[in-house]
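Student: I have a new model open on my screen and would like to talk it through. Could we go over it together?

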Amino acid sequence: MKPTRDDALVDLLDRLLDKGALLTVDVIISVGGVPLIGLSLKAALASMETMLDYGMMEAWDSQTREWYSSHKELEKDATVKP
Amino acid sequence: MVEGGMYVYSIVSSESDVKMETAGIGGACVCVLSLEDISAVVHQCAPVPYTTENEQMAGEWVLTHHKVIEEATRRFGTVLPMRFNTIIKGDEHTVRQWLRKNYEMLKKELEEVRGRAEFGVQIFCDESTVEQRVLENSPEISVLKQQMEKMPKGAGYLYERKLSQHMKEHVSQELEVLSKGFCETIGEHVERVKVDENVRVPDEYGDKRLVVSLSCLVHDDDIGKLGVVLDEIEESGGVSVRFTGPWAPFNFVHLECGE
């Protein structure tokens, strides 16, 4: 089977809001998971259509597909001319 | 002078300061600040976290954070993604100073994820399938069931409760065994694997039991192989597999930076 990003908004939000690098450093004034945003987003998950209507997801999806198909070549490019 | 903030999207392998084409959160201008061969993808902001009660706006912000990470990945290869709303107090100079202090560690982490991406693997099963397996493999439950059939109605009720209690315990044991097995099998084919806690699943899987949810760091060359392994798991019967990604390696960055 092939990996997909269709219907994977939940997976994405889990990562963006609860994972990702946390910096243990004094200059950091905010590290993710601001409860307000977390909560309102989790509520929004119940109505995923809202985001689809908003046009956010569509753009996201076509871009990521493109990225996936050209991931390797771009990686090589980037190492040659960063 | 009022001190500002720098919103950090990710750390990337890049040697030069450049502007990103994609707009950041709230339309901010995103730039790449480099130190030697590593850079931070940032925008200038107020030294306060982004908050809103407007759902749509929160959604837009979070997805924009993701979009910038994606764009950086396209340009520079696999990045170290920051969690949404990571803001450093200070300016360009603070960011570069921070990169300098943590150069070795950042460089090492970037090397570790280079040419790799994160994928999600979730394995679901029907509760009835597991119950069937429990019945087949647990003589204790079969005995209880047989005894129950011979009972008068009142006593039969108590036995039924006992039986359902036993069944529940056996089902969770069985799920644990299955989960360990899948974890080992998949672990052999990916670079790193992590069991996800408190994971949410799409509605369409609501009536199934989640056996295990894994985040896997996979080399670009091994994605096809992992797909084959997952097909085999699904074909072995009784489970459905959800394979998502590629994602930036959110679950595989362990930055512990000093100031």
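Tutor: Happy to! A definition to begin with: two strands pair if DSSP finds at least two bridges between them. Keep in mind that this is a predicted model.

Student: With that definition, which strand is joined to β1(B) by eight bridges?

Tutor: The two strands run antiparallel. One position to look at is V12(B), which stands opposite S39(B). The partner joined to β1(B) by eight bridges is strand β4 (residues 38–45) of chain B.

Student: And what is the bridge partner of Y7(B) in β6(B)?

Tutor: Strand β6 (residues 87–89) of chain B pairs with β1(B) in the antiparallel sense, over three bridges. β1(B) is also joined to strand β5 (residues 80–81) of chain B by two bridges, again antiparallel, and there S10(B) has P81(B) as its bridge partner. For Y7(B), the partner in β6(B) is I87(B).

Student: Why is strand β1 of chain B said to be largely enclosed by the rest of the structure?

Tutor: A residue is buried if 20 or more other C-beta atoms lie within 10 Å of its own. Strand β1 (residues 5–13) of chain B is largely enclosed because its buried residues number nine of the nine.

Student: Which residues have the most contacts inside the largest nonpolar core?

Tutor: In soluble globular proteins, nonpolar side chains tend to be buried together. Here the largest nonpolar core has 66 residues. Its largest share, eight residues, comes from helix α1 (residues 55–76) of chain B. The residues with the most contacts inside this core are V41(B) and V121(B).

Student: What does V41(B) touch, leaving out residues up to four places away in sequence?

Tutor: Among its contacts are Y9(B), S10(B) and V12(B), and strand β1 of chain B covers residues 5–13.

Student: How far apart are the centres of the two domains of chain B?

Tutor: Domain 1 spans 5–114 and domain 2 spans 117–252. Six residues of domain 1 of chain B are in contact with five residues of domain 2. On the domain 1 side, the touching residues are four nonpolar, two polar and no charged. Taken over C-alpha atoms, the centres are separated by 37 Å.

Student: Where in chain A is confidence lowest?

Tutor: The mean pLDDT of chain A is 56, with 26% of its residues reaching 70 or more. Confidence is highest in helix α1 (residues 9–18) of chain A, at 82. The lowest mean, 44, belongs to helix α3 (residues 48–54) of chain A.

Key. Residues are numbered from 1 along each chain as its sequence is written. Chains are lettered from A and ligands numbered from 1 in the order in which they are written. This is a predicted model: local features need pLDDT of at least 70, side-chain atom pairs count only at pLDDT 80 or more; totals for chains, interfaces and linings use all residues. Domain bounds come from an automatic or database domain assignment. Two residues are in contact if their C-beta atoms, placed from the backbone, lie within 7 Å. Ala, Val, Leu, Ile, Met, Phe, Trp, Tyr, Cys and Pro count as nonpolar, Asp, Glu, Lys and Arg as charged, and the others, Gly among them, as polar. A nonpolar core is a set of buried Ala, Val, Leu, Ile, Met, Phe, Trp, Tyr and Cys residues joined through C-beta atoms within 7 Å. A residue is buried if 20 or more other C-beta atoms lie within 10 Å of its own, exposed if 12 or fewer, and partly exposed in between; C-beta atoms are placed from the backbone. Helices (H or I, at least four residues) and strands (E, at least two) are DSSP runs, numbered from the N terminus. pLDDT is the predictor's confidence in each residue, from 0 to 100.
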